Amino acid sequence: MDTGAARAKKHDAKPAKLGREVQARLGQQLRSMYDEVVGQGVPDRFADLLSQLDNKDNKDRQ
Amino acid sequence: MPMDDAVRKQILDSIPSLRAFAISLCGNVDRADDLVQETMVRAIANIDSFQPGTNMPAWLFTILRNHFRSEYRKRRREVEDADGHYADTLKSQPEQQGHIEFGEFREALSQLPTDQREALILVGASGFSYEEAAQICGCAIGTIKSRVNRARNRLAELLQVRDGDDFGPDEQTRAVLASGE
């Protein structure tokens, strides 16, 4: 039955909903960790790789 | 054939967030950079299957995510104590990268099941909509929503955060600094 399945699911989930404040803090923490890496920009390694993969900069083209 | 300039720029512009996604996902900078590199190689090899005007970041994230998942399955088969190994790489991470303030958070993040972790990062940090995240992970929107919820609950539990508690980078940084770094 639907209701049985729904109840089982509910039972599995966390009963208490997280407070807004907690959610906001976790989100902030996650974003600052993430943004710190974003702020590092594009390391040379990847800019070089892109040029290398892109035929434009391929020596074969001369 | 040389790549279209606009496409090339879109790929380049996506690299910083691809790296952030990869690092948050696998917890190891070197491995993350290998993932990004492999993603670029695959993307450019298959650039014809990218439809100009569609969502380039989502396309690249999908490639990275799928590659990560297949690598992860392979590794799990190869290394039985994947968890222990993973924990070790996390411990060496902070000093190496100057990420001390995120040590505890990273560790908690690493303890989440992979499907919850990726959903949380895509929605909570990469800024994708639930719909885009569902596309990237190849699942239903409702599934993403419930994974994000479970991820948040578990993180709060692991970090023991409750409303009104002191929590945050500042407190953690102070603790780490006080312990002699």
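## Packing around helix H7 of chain B

Two residues count as being in contact if their C-beta atoms, placed from the backbone, lie within 7 Å. With that in hand, take a look at H7(B) in this predicted model: its buried residues pack against helix H3 (56-78), helix H6 (114-124) and H8 of chain B. Those buried residues are Glu132(B), Ala133(B), Ala134(B), Ile136(B) and Cys137(B).

Leaving out residues up to four places away in sequence, Ala133(B) touches Ala119(B), Leu122(B), Val123(B), Phe128(B) and Ile144(B). Just past the end of H7(B), Gly138(B) has a positive phi of about 65 degrees.

## How H7 meets H8

Two packed helices are described by the angle between their axes and the distance between the axes. For helix H7 (residues 130-137) and helix H8 (residues 141-158) of chain B, the axes come within 8 Å and cross at roughly 100 degrees. Angles of 65 to 115 degrees count as roughly perpendicular, so H7(B) and H8(B) are roughly perpendicular to each other.

Who does the touching? From H7(B) there are Tyr130(B), Glu131(B), Ala133(B), Ala134(B) and Cys137(B), and they meet Ile141(B), Thr143(B), Ile144(B) and Lys145(B) in H8(B). Sorted by class, that contact has six nonpolar, one polar and two charged residues.

## The nonpolar core

In soluble globular proteins, nonpolar side chains tend to be buried together. Here, the largest nonpolar core has 51 residues. The members touching the most other members are Leu18(B), Phe21(B), Ala22(B), Val36(B), Leu64(B), Ala119(B) and Ala133(B). H1(B) gives the most to this core, with nine residues.

## Ser17 on helix H1

Ser17(B) sits in helix H1 (residues 5-26) of chain B. Ser17(B) has 19 within 10 Å, so Ser17(B) is partly exposed.

As for Met56(B), Ser17(B) is 39 residues from it in sequence, and 12 Å away in space, C-alpha to C-alpha.

## Chain B as a whole

Chain B has nine helices and zero strands, and its elements run α-α-α-α-α-α-α-α-α from the N terminus on. Of its 181 residues, 34% count as buried. Looking at contacts in chain B with a separation of 6 or more, 64% come from residues 24 or more positions apart.

## Where chain A touches chain B

The contact takes 29 residues from chain A and 34 residues from chain B. On the chain A side, helix H2 (20-38) and helix H3 (44-53) each supply at least two residues. H2(A) gives the most to that side, with 15 residues. By class, the chain A residues that touch chain B divide into 14 nonpolar, eight polar and seven charged.

The predictor gives the complex an ipTM of 0.76 and a pTM of 0.76. Chain B averages a pLDDT of 83, and 75% of the residues score at least 70. Over residues 91-100 of chain B, though, the pLDDT is below 50. That stretch still has 13 contacts in the model beyond near neighbours in sequence. Where pLDDT is low, the predicted coordinates should not be read in detail.

Methods
Residues are numbered from 1 along each chain as its sequence is written. Chains are lettered from A and ligands numbered from 1 in the order in which they are written. This is a predicted model: local features need pLDDT of at least 70, side-chain atom pairs count only at pLDDT 80 or more; totals for chains, interfaces and linings use all residues. Axes are lines fitted to C-alpha atoms, for helices over the stretch in contact, and angles run from 0 to 180 degrees between N-to-C directions. Helices (H or I, at least four residues) and strands (E, at least two) are DSSP runs, numbered from the N terminus. Angles under 35 degrees count as roughly parallel, over 145 as roughly antiparallel, 65 to 115 as roughly perpendicular and the rest as oblique. Ala, Val, Leu, Ile, Met, Phe, Trp, Tyr, Cys and Pro count as nonpolar, Asp, Glu, Lys and Arg as charged, and the others, Gly among them, as polar. pLDDT is the predictor's confidence in each residue, from 0 to 100. A residue is buried if 20 or more other C-beta atoms lie within 10 Å of its own, exposed if 12 or fewer, and partly exposed in between; C-beta atoms are placed from the backbone. A nonpolar core is a set of buried Ala, Val, Leu, Ile, Met, Phe, Trp, Tyr and Cys residues joined through C-beta atoms within 7 Å.
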